[in-house]
Every structure is written in structure tokens, then in C-alpha cells.
Amino acid sequence: MAQTEKKGGLLRKSSASKKPLKEKVVLMYDEIFTTEDPSKSNPRFWEELFLMKVNLEYLEGKLEALDGEELMKIKDNINCLFQHCIQALGEEHPIRVVNALQTLCALIRGVHQKNKSTSGFDIINMLVGFDKAELCMKNLMESLDSLLCAEGSESLKSLCLKLLLCLVTVTDNISQNTILEYVMINSIFEAILQILSSPLSRREHGYDAVVLLALLVNYRKYESVNPYIVKLSIVDDEATLNGMGLVIAQALSEYNRQYKDKEEEHQSGFFSALTNMVGSMFIADADEKISVQTNEAILLALYEAVHLNRNFITVLAQSHPEMGLMTTPASPIPTTPVTPLGTTPPSSDVISSAELPLDADVQTSNLLITFLKYSSIVMQDTKDEHRLHSGKLCLIILTCIAEDQYANAFLHDDNMNFRVNLHRMPMRHRKKAADKNLPCRPLVCAVLDLMVEFIVTHMMKEFPMDLYIRCIQIVHKLLCYQKKCRVRLHYTWRELWSALINLLKFLMSNETVLLAKHNIFTLALMVVNLFNMFITYGDTFLPTPSSYDELYYEIIRMHQNFDNLYSMVLRISTNAGQWKEPASKVTHALVNIRAIINHFNPKIESYAAVNHISQLSEDQVLEVVRSNYDTLTLKLQDGLDQYERYSEQHKEAAFFKELVRSISINVRKNLAFNTLSQELLLKEFSTIS
């Protein structure tokens with residue numbers, strides 16, 4: 001203790017000469033940053049260190065200030081500090097455990113900063129030493145696992161999760177983070193599941209647990225066997241899966257609520273601006289798009305659950321009574337500020353209020369409805385990179401859902417009807433739909449509405465070709481299910497047909513501009529084949545015979561667009577060039593549509609001439625159609641009800657690698673270790689013996 005008294009004397013002396021005071025913990029850190037073993041002069045050094053309030057900023061800054069060579073000189077002391085932190089995690093006194101957890105966070109982050117430099121030393125060797133790495137990391141993971149599973153302090157659990165998130169996100173590309181090999185070997189998967197299955201733990205830590213799991217699943221997922229992928233794929237415990245679903249639903253609900261609040265604020269601001277004498281100055285601002293930060297981290301968690309675990313599909317349709325019943329926890333929950341990519345947990349007041357009911361008439365919601373509403377918001381504006389990624393991920397999730405037999409069963413279930421209030425982009429040529437008039441329909445209608453909405457609202461110069469292809473594929477997969485199971489869905493198919501025809505019209509009008517960047521014939525072929533699907537199999541899944549008649553009416557009414565498309569693809573396919581083959585495929589696909597037009601148009605003209613009518617009504621055209629089916633000859637087209645199943649590894653690996661990198665950077669940037677103030681911790685752990 002003599003050394004401590006001596007240092008205390010130094011502090012008093014320096015205060016008299018008005019030099020800045022150094023707190024004791026800082027002086028102790030300085031001793032670690034020498035080449036001497038600090039416990040030689042003070043045998044109780046390590047014991048005392050973990051009773052001191054951690055100075056994260058100083059410790060991280062000190063590590064970052066050293067170059068690689070300087071850091072290697074004090075490697076033994078760093079190793080010693082790391083090992084004593086791990087030992088302290090097993091202590092009975094919570095304050096020691098808290099300080100050890102925070103010190104580990106600072107160590108990992110500070111040492112990693114040096115790993116970026118040209119010195120290129122290995123981060124594991126620097127922290128623990130190669131010879132002790134396996135045992136140390138095993139002890140660390142076991143201690144964290146015990147703390148997470150124990151009945152103890154929620155604050156400790158929160159810090160454990162933050163340390164694990166720090167560990168996982170310490171590199172931008174998590175697959176290059178070699179420390180994670182030890183997290184793979186010493187799994188904390190069961191601890192994460194336990195948090196998600198317990199209502200109290202889930203409420204306090206569910207968000208961090210779900211984000212942590214989503215990131216761990218993405219560690220070297222294409223290069224080696226990742227135990228978290230294997231384990232997640234076979235989870236069948238209902239409470240755990242529902243818990244995960246609730247956490248995701250709450251985070252997406254928070255986003256939807258924030259957007260709705262901004263929208264209302266935006267509208268009131270716009271009208272007040274108009275009444276202002278100098279309102280013209282503000283109109284441009286009022287017309288700007290409403291922006292709420294998207295949440296890719298939670299969306300990634302939803303994707304992994306849907307993609308990897310077939311049992312999770314049932315969770316999508318589970319109603320959420322718990323969401324409306326939640327109360328605010330007694331102790332404050334550490335949260336971080338709202339940030340890009342929305343990697344912050346939803347605040348507790350949102351969980352206790354009501355995303356549900358959906359509106360005054362509907363008392364229940366489910367994860368799928370919340371997700372569809374979220375998708376309808378983020379897919380409105382795809383010009384922003386984060387929203388483009390979010391929109392793409394939403395469509396990938398919907399693709400997985402549209403391919404799943406069980407998901408399709410509840411999507412098309414007539415006994416599961418909901419009002420789903422999707423957000424619609426404001427457009428000059430259409431009125432805002434009244435939310436109250438929404439009918440109760442099977443959930444597949446909302447999915448189709450979302451696809452139609454996207455098709456109609458994104459025909460622009462910066463054409464999101466990839467999203468359009470995914471959108472059409474989702475519609476096709478849903479139709480394949482309806483055809484296979486003979487589901488006669490009462491849906492306003494005309495809206496879809498009209499949207500598809502307008503899309504073809506857009507592709508033709510912007511042929512030159514679009515062909516410079518995209519193969520528009522792939523998309524055109526998909527759209528034409530959707531019509532072929534309706535023509536060939538529509539009688540098995542359209543709700544009524546008159547719906548089939550209306551399909552023919554729309555094709556005949558809009559025949560000019562199909563004629564123009566045929567002329568365009570014929571012109572390109574007869575010329576030698578890169579688009580010859582894809583264009584000729586569209587030419588062949590148009591055979592039945594052209595047969596319908598060429599068969600019925602002369603009949604309609606003849607009917608008009610005989611009856612001296614200059615312009616036929618819809619009913620009169622339909623009458624001609626019904627009476628002339630018998631003489632129509634169509635070709636049977638193969639493979640219309642076949643599709644290639646979604647495959648992540650072969651087609652989406654680059655997208656997910658970049659997405660996970662973006663999420664990792666953001667999670668790291670927004671980890672807040674100081675959210676637990678020392679006063680709060682002392683209050684919680686006031687019984688230190």
C-alpha cells in the first residue's frame with residue numbers, strides 16, 4: 001500500500017501547484033503501460049484495479065496512442081490485464097465483474113485499433129498470448145455464458161451482451177475476426193435462446209441478443225460449418241421462436257410508429273407553411289420525402305430466421321397480445337442514440353404502447369403484417385443506399401416466404417383475414433386511399449398490393465431493375481401456389497394487370513436509356529409470362545369465370561402496348577447484336593397474347609359495324625369475348641408454373657457480405673458502454689462485502 005500512499009501524496013502535491021489531477025485508476029493504467037509487472041511493487045494491484053471506476057476513454061486512448069512496437073513491449077502486462085479481467089468475472093462482487101467487463105471492452109477495441117496498422121501483429125497474441133489463448137477464451141466464454149444464464153443482475157447481462165457485440169464487430173468484415181473462432185467453439189447459442197424465451201430477459205435484452213445472433217450466423221457462413229447456423233436451423237421451441245418474433249416485431253413497429261409520427265408532423269407542417277405569408281419559401285421543403293433511419297440489423301435477423309428455420313414460419317402469423325400488454329420495466333434500460341441503419345433497440349415506451357391494434361376496427365396484428373408495413377415504407381424511396389439495401393432485403397425475405405408451402409397456406413387462408421394498412425407513396429394522379437375503407441382479406445392480398453404498389457411507383461430514370469425482377473418473381477411464386485392448390489383468390493387482379501402493362505409501356509418508352517444499363521428483355525419476358533400464366537391456367541385459380549373474361553378484355557383494350565412490344569422485340573431479334581437472343585425469347589412468349597388480340601379484334605370490329613356502334617362498352621366487348629372462345633386456338637407453353645428456388649450462397653453472397661459489413665460498422669459505432677452510470681451500478685450493487 002506504500003506505493004498507493006506515495007501516489008496519493010503526489011496527487012496532493014500536484015493540486016497545490018495547480019497541475020491537472022490524475023484519478024487513481026489512471027495512475028494504475030499508467031503502471032500497466034510500463035514494461036514492469038505492476039504487481040511486484042503492489043501485490044494487491046489487480047485486486048484493487050477492479051474496484052476502481054473504469055475510465056474507458058483513457059484506456060482506449062492510451063492503447064491507440066502506442067505504435068505496434070511499443071505495444072509489443074508491454075504485451076505481457078496486456079496479457080496479464082486480460083487474464084485478470086477474466087478471473088474477475090468469476091468474483092462474487094458485482095462491481096468487480098462490471099469493471100472487468102468494461103475493461104475487456106476497452107482492451108479489445110483499443111488493441112484492435114492497432115491491428116489496423118502496418119505492424120500487422122496478431123490481435124489474439126496481443127490480448128492473451130497464443131500459448132494461453134484457447135484456455136483463456138474458453139474461460140471467458142464460459143463466464144459470459146454463466147452470467148447470461150444466471151438469475152442475477154440485468155445490468156450485468158446487458159454488459160455481457162455489449163461485450164459480445166464489441167467482440168463480434170471489432171473488425172468491419174466479421175469473417176476476418178479470428179477471435180470469433182473461440183465464440184464458435186465455445187457456443188453461447190443456448191444463452192441467447194434463454195434470453196429470448198424469458199419475457200423479462202427478452203424485454204430488457206432481446207434486441208441486443210437478436211442482433212448478436214444475426215451477426216454470429218454470418219461468420220464465415222460460406223467457408224466453414226458455422227455452429228450457430230446449424231443450431232438456429234433446428235430450433236423448435238415455441239416460446240423461443242415466438243420470443244425472437246416479438247423482438248423483431250417490436251423493433252419494426254418502432255420504425256413504423258416513428259414514420260407515422262414524422263408523416264403526421266410533416267403534413268401539419270406543410271399546411272401551416274401554405275397559410276404563411278412567405279409560405280412559398282417552405283413548400284419545397286414540405287414536399288421532401290419523410291426520412292426515418294432504416295433498421296437493417298433487425299431485418300437481417302428476420303431474414304436468417306425465415307431462411308434457416310422452417311419452424312419460424314409459424315411465428316409470422318402468430319398474433320401478438322403480449323405487445324400491447326407490456327409494461328415499462330422498473331429499472332432504466334440502457335439505450336443508444338438513434339443512428340443510421342437503425343441499430344438501436346426500440347425504447348420501452350413504444351413496447352408498452354400499441355403498434356397494435358392496427359386501427360380502431362382491428363384488435364390483433366402479427367409479425368408478417370408489421371413487416372409488410374415496414375416494407376411498404378422503406379420500399380418507397382430506393383434512391384438512398386440504405387433504403388435500397390433494406391428494400392432488397394425485404395424482397396428477399398418475401399421471396400423465401402412465397403416459396404414456403406406452410407407460409408402460403410396461411411397467406412391464402414380464408415379464415416385469417418386482416419386489414420393491412422400499407423403506406424402508399426403520394427402521387428399527383430391518384431387520391432390518398434382512406435384507411436377506414438380497407439377490406440378484411442387473406443394476407444396474400446397485402447403482399448400482392450405491396451408488389452403492385454412497387455411496380456407502379458418506381459418507373460424512373462434510376463430504374464431499380466434488380467428490385468423489379470424480385471418483385472415479379474414473388475408474384476409468380478404466389479401464382480404457382482394458387483395454380484397448384486387451386487386457390488381461387490378474390491383479389492382485384494385488374495390492378496395487377498394494369499400495373500404490368502404500364503411497366504411494359506415504360507420499358508418500351510425508355511428503351512435506349514434502359515438498354516445502356518440493363519437487359520430489359522429479361523424483365524419483359526417475366527411480365528409476358530405472368531400474362532401467359534393467367535391465360536393458360538387462370539381458369540384454375542381466378543375467382544370467377546368473369547375474372548377470366550376481364551383478363552381478355554384488358555389484353556384487348558391495351559393491345560397497342562403488346563403490338564408495340566412485339567414490334568420492338570422483332571426489330572431487335574432480327575438484327576445481330578447482344579440483345580438478339582433475349583429479345584427473340586420475348587417474341588416467342590408473345591404468341592398467345594397476339595393470338596388473342598388477332599382473334600378478337602376483328603370480331604369486335606365486326607360486332608360494332610353490324611350494330612352501328614362507334615365505341616363499344618365494356619359489357620359489349622365482354623359479350624363478344626364470351627361468344628368467341630370456341631374458335632380461339634392457343635399454344636400450350638411449357639414451364640410457366642416452374643421457377644428456380646432462392647439460393648443465397650450462389651447469387652446473394654456479395655450482397656450479404658456488404659450488408660453485414662455495414663451493420664457491423666454501425667453496431668460498433670453505437671455501442672454504449674457508459675450507459676450504465678457508476679451511480680446506478682453502485683445503487684444496484686450496494687451490498688459489497
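Guide: Two residues are in contact when they have heavy atoms within 4.5 Å of each other. The model is predicted, so local features need pLDDT of at least 70 and side-chain atom pairs count only at pLDDT 80 or more, while totals for chains, interfaces and linings use all residues. Residues are numbered from 1 along each chain as its sequence is written, and side-chain values use heavy atoms, with hydrogens and water left out.

Visitor: Is Thr-240 buried or exposed?
Guide: Buried means under 20% relative accessible area, exposed means over 50%, and partly exposed lies in between (1.4 Å probe, protein chains only). Thr-240 has 7% relative accessibility and therefore counts as buried.

Visitor: What percentage of the residues of the protein chain count as buried?
Guide: The chain comes to 37 helices and two strands. Among its contacts with a separation of 6 or more, 78% are between residues 24 or more positions apart. Of the 689 residues, the part that counts as buried is 56%.

Visitor: How are H22 and H25 oriented to each other?
Guide: Helix H22 (residues 367-378) and helix H25 (residues 443-457) pack at about 10°, with axes 11 Å apart; axes are lines fitted to C-alpha atoms, for helices over the stretch in contact, and angles run from 0 to 180 degrees between N-to-C directions. Angles under 35 degrees count as roughly parallel, over 145 as roughly antiparallel, 65 to 115 as roughly perpendicular and the rest as oblique. H22 and H25 are therefore roughly parallel.

Visitor: How are H30 and H34 oriented to each other?
Guide: Helix H30 (residues 545-557) and helix H34 (residues 618-626) have axes 10 Å apart and an angle of about 105°. H30 and H34 are therefore roughly perpendicular.

Visitor: How many charged residues are in the contact of H30 with H34?
Guide: Ser-546, Asp-549, Glu-550, Tyr-552, Tyr-553 and Ile-556 of H30 meet Glu-618, Val-621, Leu-622, Val-625 and Arg-626 of H34. By class there are six nonpolar residues and one polar, and the charged residues number four.

Visitor: Which helix gives the most to the lining of the second largest cavity?
Guide: On a 1 Å grid over the protein atoms alone, a cavity is a set of points where a 1.4 Å probe fits but cannot get out, and a pocket is an open set with protein on both sides within 12 Å along at least five of seven lines; lining residues have an atom within 4 Å of a point. The second largest cavity holds about 70 Å³, a volume being the space filled by probe spheres set on points joined across faces, edges and corners. Its lining includes Ser-376, His-423 and Glu-453. With four residues, the helix that gives the most is H25.

Visitor: Which helix gives the most to the lining of the second largest pocket?
Guide: This pocket holds about 630 Å³, and of its 26 lining residues the closest to the centre are Ile-469, Gln-473, Met-526, Tyr-643 and Glu-644. Helix H23 (385-403), helix H26 (465-485) and helix H29 (520-541) each supply at least two residues of the lining. The lining divides into nine nonpolar, eight polar and nine charged residues. With seven residues, the helix that gives the most is H26.

Visitor: Is Arg-486 buried or exposed?
Guide: Arg-486 lies in the loop between H26 and helix H27 (493-509). Its phi is positive, near 50°, in a residue other than glycine. At 57% relative accessibility, Arg-486 therefore counts as exposed.

Methods. Ala, Val, Leu, Ile, Met, Phe, Trp, Tyr, Cys and Pro count as nonpolar, Asp, Glu, Lys and Arg as charged, and the others, Gly among them, as polar.
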